[in-house]
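Please read them alongside the coordinates.

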Amino acid sequence: MALIMDIAVVALRMLLPIYTVVIVYQIFAAMRRRRRPERPLVLLQDLDTGVKIPVLFWENSIGRSRGSDIAVDDPAVSRNHCVLLRRKEGWFITDTGSKTGTFLNGKRIRRRTQVKIDDNISIGNKEFAFKRGEEFHEELQSSWFFSKVSGKPAIQPYKIMILVSLFHIFMGVEACFCDGAKDFDPAFLCAALLAVEWIFFFVSTVILKRVAFELEALCLFFTGIGVMLLARQELRTAYVQLIAAAAGMIVFCIIIKFIENPDRIAQWRIIIMVVAVLFLAVNLVFGRVTNGSANWVHIGPVTVQPSEFVKIAFIFVGASTLDRLLTKQNLLEFIIFSAICVGALALMGDFGTALIFFGTFLLISFTRSGDFKTVVLALASAVFAGFIILNIKPYVLRRFQGWRHVWEYTQDSRGYQQARVLTYIASGGLFGVGIGNGVLKYVAASESDLVFGLMSEEMGFITAVTVAVAIATLFIYARSVTTRSRSTFYSISACCAAGLLVIQMSLNVFGATDILPLTGVTFPFISAGGSSIISCWGLLAFIKAADERTYSKK
């Protein structure tokens with residue numbers, strides 16, 4: 001009987017990496033297949049030439065700039081002349097500080113004004129008639145991600161959930177029968193995990209009536225891997241991680257509901273900014289130094305990392321509706337807020353998170369303006385600041401000294417962790433040694449900063465790389481769904497939230513494997529850390545909201 005169980009566990013260990021690839025493929029295939037046909041919302045018909053211009057987005061910049069959604073070749077038109085946008089009440093047009101003004105039916109508009117079918121819009125020397133989209137009969141090209149969509153039906157959400165749940169059950173079985181196991185505690189942990197997953201699925205699909213569930217299923221898959229990896233390492237931490245994940249799912253639902261009306265963000269933007277700065281101030285005053293950085297606040301038995309929640313606020317403040325986005329005041333506020341965030345994190349000594357914020361700032365800045373000069377200037381400033389940090393923070397300099405030389409410092413803090421990560425990744429091979437059978441779990445921070453190595457050792461290099469690639473692919477998905485988002489707030493926030501997750505994942509993976517200096521940041525959804533996983537689920541809400549199906553009901 002014991003021999004049969006051993007054979008079954010070995011078979012599971014060989015199966016899970018392949019099963020990982022199958023689940024990730026099925027989820028992304030479903031994302032591609034379950035789409036609605038592309039068609040213009042409305043048209044702008046040039047009254048001089050009769051040309052019909054399809055209006056594809058809920059918010060459309062109109063101007064002389066080539067980067068405008070609707071480019072108008074007329075010297076009397078400003079580069080960013082006006083914005084045509086759609087809301088629940090109908091279509092509106094607003095001038096964005098143009099020199100010659102925007103006119104609706106011959107009257108100059110001063111603020112956001114409603115536009116109706118057959119109204120005339122005049123900008124510069126051009127006049128357009130506002131028409132229904134059904135009058136446009138040309139075929140529209142979809143974005144790359146959806147350009148070759150299969151005609152096959154997408155896998156149903158409940159079937160994806162069954163696949164994910166079976167995977168976590170198999171992880172639980174492995175953990176129960178790992179070397180030296182004396183109890184079935186992982187089975188109870190797995191049961192609690194399945195309960196949280198299916199309750200979330202029921203709430204999303206039955207109560208909230210969300211049309212799609214692929215994105216949530218993917219991140220439930222990641223979350224479960226992170227929880228079950230802790231089953232034979234620190235069971236109490238595993239339950240804390242699961243509770244935090246459940247809290248993150250609640251935050252996910254709250255944020256989606258809150259940003260349902262994109263104009264609400266503008267009303268709360270300053271408040272969110274102030275609250276975020278207060279969070280950082282509390283961190284600076286009450287934070288305890290741990291591993292060189294004072295980014296942890298202890299509230300009784302609970303430990304919180306406020307900077308993780310500021311990531312969500314950072315996306316809120318950086319994105320905005322298009323008519324507000326093109327104002328100088330909006331941009332200046334974001335630059336000041338970014339400088340405060342990065343500066344506060346630097347004072348705490350949390351340079352890994354500061355680097356994530358800075359990378360996200362570059363992404364938001366370029367997404368908003370498309371201006372490479374701003375990015376180059378910010379990079380030059382960052383390099384200068386980096387040289388200063390290396391001179392005033394010795395422990396950061398030590399990490400750089402060990403970078404690419406970890407085998408010379410295998411017993412030193414400069415290379416001890418990375419050398420063991422590389423060793424145990426190799427020992428895990430393609431299929432891993434099994435849940436709980438790894439040795440890296442005895443190295444400090446294996447469940448957080450070094451979790452890519454732990455996942456590679458116990459679950460195999462195939463699984464670890466597949467998970468990393470899936471998170472990286474979230475950025476491609478976010479970029480694709482934003483072509484039909486209801487607001488530039490959704491477009492920018494989705495791309496930047498996905499970009500933040502990819503930057504964070506890259507720093508974790510490349511730092512642990514000595515491709516980059518070790519920065520001590522978490523792997524999204526996988527690493528242990530309650531604040532981190534709540535933040536990840538909060539960021540996921542921005543990607544979800546960008547999909548035009550999110551606010552549709554069954």
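1. Thr-410 is partly exposed, since its relative accessible area is 22% and the class covers values between buried (under 20%) and exposed (over 50%), computed with a 1.4 Å probe on protein chains only. Thr-410 lies in the loop that links helix H12 (394-402) to helix H13 (416-428). Leaving aside residues up to four places away in sequence, Thr-410 touches Gly-415, Tyr-416, Ala-419 and Arg-420, where contact means heavy atoms within 4.5 Å. For Arg-420, ten residues away in sequence, the C-alpha to C-alpha separation from Thr-410 is 8.0 Å.

2. This is a predicted model, in which local features need pLDDT of at least 70 and side-chain atom pairs count only at pLDDT 80 or more, while totals for chains, interfaces and linings use all residues. Residues are numbered from 1 along each chain as its sequence is written, and side-chain values use heavy atoms, with hydrogens and water left out.

3. The protein chain contains 17 helices and 14 strands, taken as DSSP runs (H or I of at least four residues for helices, E of at least two for strands) and numbered from the N terminus. Of its 554 residues, 53% count as buried. Among contacts between residues at least 6 apart in sequence, 68% join residues at least 24 apart.

4. Helix H4 (residues 214-229) has 16 residues and spans 23 Å from its first C-alpha to its last, close to the expected 22 Å, which is 1.5 Å times one less than the number of residues. H4 is mostly covered, with 16 of its 16 residues buried.

5. The axes of helix H2 (residues 157-176) and helix H3 (residues 185-207) come within 9 Å and cross at roughly 165 degrees, which makes H2 roughly antiparallel to H3, a label used for angles over 145 degrees. Axes here are lines fitted to C-alpha atoms over the stretch in contact, with angles from 0 to 180 degrees between N-to-C directions. By class, the contact of H2 with H3 has 15 nonpolar, three polar and one charged residues. Residues meeting there include Met-161 and Ile-169 in H2, and Leu-194 and Trp-198 in H3.

6. For helix H15 (residues 461-481) and helix H16 (residues 488-512), the axes come within 8 Å and cross at roughly 160 degrees, and the two are therefore roughly antiparallel to each other. Among the residues making the contact are Ile-471 and Phe-475 of H15, together with Leu-501 and Met-505 of H16.

Methods. Parallel < 35°, antiparallel > 145°, perpendicular 65-115°, else oblique. Nonpolar A, V, L, I, M, F, W, Y, C, P; charged D, E, K, R; others polar.
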